[in-house]
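This report describes how the parts of one protein chain are arranged. Please keep the sequence and the structure in view while reading.

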Amino acid sequence: MVKLKDLVNKTGENTGLVTLTTTALAKRINNGITSIAGTSWTTSDTTKFSSQAAQLVTKEEFLDELESKIGDPRKNESEDEFVARSKEQMRNLLKSKLK
């Protein structure tokens with residue numbers, strides 16, 4: 001079975017998957033934060049947080065821990081259900097790391 005960290009680290013290879021560099025990921029996080037109405041973060045705060053979050057989620061240790069929490073797809077679990085469960089695990093792991 002393919003490891004999550006191997007998929008993330010295949011930047012530049014034609015894998016048929018969306019691959020993001022840490023910089024591109026930081027930009028997407030930054031755009032998401034700035035689109036939230038009522039945020040009181042400065043541009044500097046948003047940029048700093050986005051960069052740190054992107055670096056965290058692309059580290060091998062984080063990806064290994066996330067993969068162990070997600071596990072294999074469950075019996076009769078649809079792809080959408082697997083993705084939703086994976087997103088929830090990633091959110092929970094991020095929350096625990098960013099406290």
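Helix α4 is followed by Gly71, a residue whose phi is positive, near 70°. The model discussed here is predicted. Most residues other than glycine have a negative phi. Asn76 is found in the loop between α4 and α5. Is Asn76 buried or exposed? With a relative accessible area of 73%, Asn76 is exposed, because the cut-off for that class is over 50%.

The chain as a whole may be considered next. It contains five helices and zero strands, and from the N terminus its elements follow the order α-α-α-α-α. The chain has 99 residues, of which 20% count as buried. Among the contacts between residues at least 6 apart in sequence, 52% join residues at least 24 apart.

| Pair | Residues | Angle between axes | Distance between axes |
|---|---|---|---|
| α2 and α3 | α2: residues 22-34; α3: residues 43-57 | roughly 135° | within 8 Å |
| α4 and α5 | α4: residues 60-70; α5: residues 79-97 | about 130° | 10 Å |

The pair α4 and α5 packs at an angle of about 130°. That angle makes α4 oblique to α5, and their crossing is right-handed. Which residues of α4 and α5 meet? From α4 come Phe62, Glu65, Leu66, Lys69 and Ile70, and these meet Phe82, Arg85, Ser86, Gln89, Met90, Leu93, Leu94 and Lys97 of α5. By class, the residues of this contact of α4 with α5 divide into seven nonpolar, two polar and four charged.

Burial along α4 can now be examined. An α-helix has 3.6 residues a turn, so residues three or four places apart point the same way. In α4, the buried residues are Phe62, Leu63, Leu66 and Ile70. Viewed down the axis of α4, these buried residues fall within an arc of 95°, and therefore they line one face of the helix. Glu61 and Ser68 are exposed on the other side of α4. Among the buried residues of α4 are Phe62, Leu66 and Ile70, and Phe62, Leu66 and Ile70 also take part in the contact with α5.

The pair α2 and α3 has axes that cross at roughly 135°, and these two helices are therefore oblique to each other. The crossing of α2 and α3 is right-handed. On the side of α2, the contact is made by Thr22, Leu25, Ala26, Ile29, Asn30, Ile33 and Thr34. On the side of α3, it is made by Thr46, Thr47, Phe49, Ser50, Ser51, Ala53, Ala54, Gln55 and Val57. How many nonpolar, polar and charged residues does the contact of α2 with α3 have? It has eight nonpolar, eight polar and no charged residues.

Thr21 lies in the loop between α1 (4-8) and α2. Its relative accessibility is 39%, and Thr21 therefore counts as partly exposed. Although Thr21 and Ala54 are 33 residues apart in sequence, they are 8.8 Å apart in space, C-alpha to C-alpha. Ala54 is one of the residues by which α3 makes its contact with α2.

Technical notes:
Residues numbered from 1 in each chain as written. Predicted model: local features only at pLDDT ≥ 70, side-chain atom pairs only at ≥ 80, totals over all residues. Heavy atoms only, no water. Axes fitted to C-alpha atoms, helices over the stretch in contact; angles between N-to-C directions. Helix = DSSP H or I, 4+ residues; strand = E, 2+ residues; numbered from the N terminus. Parallel < 35°, antiparallel > 145°, perpendicular 65-115°, else oblique. Left-handed = near helix turned anticlockwise from the far one by under 90°. Contact = heavy atoms within 4.5 Å. Nonpolar A, V, L, I, M, F, W, Y, C, P; charged D, E, K, R; others polar. Buried < 20%, exposed > 50% of the residue type's maximum accessible area, 1.4 Å probe, protein only. Arc of directions from axis to C-beta.
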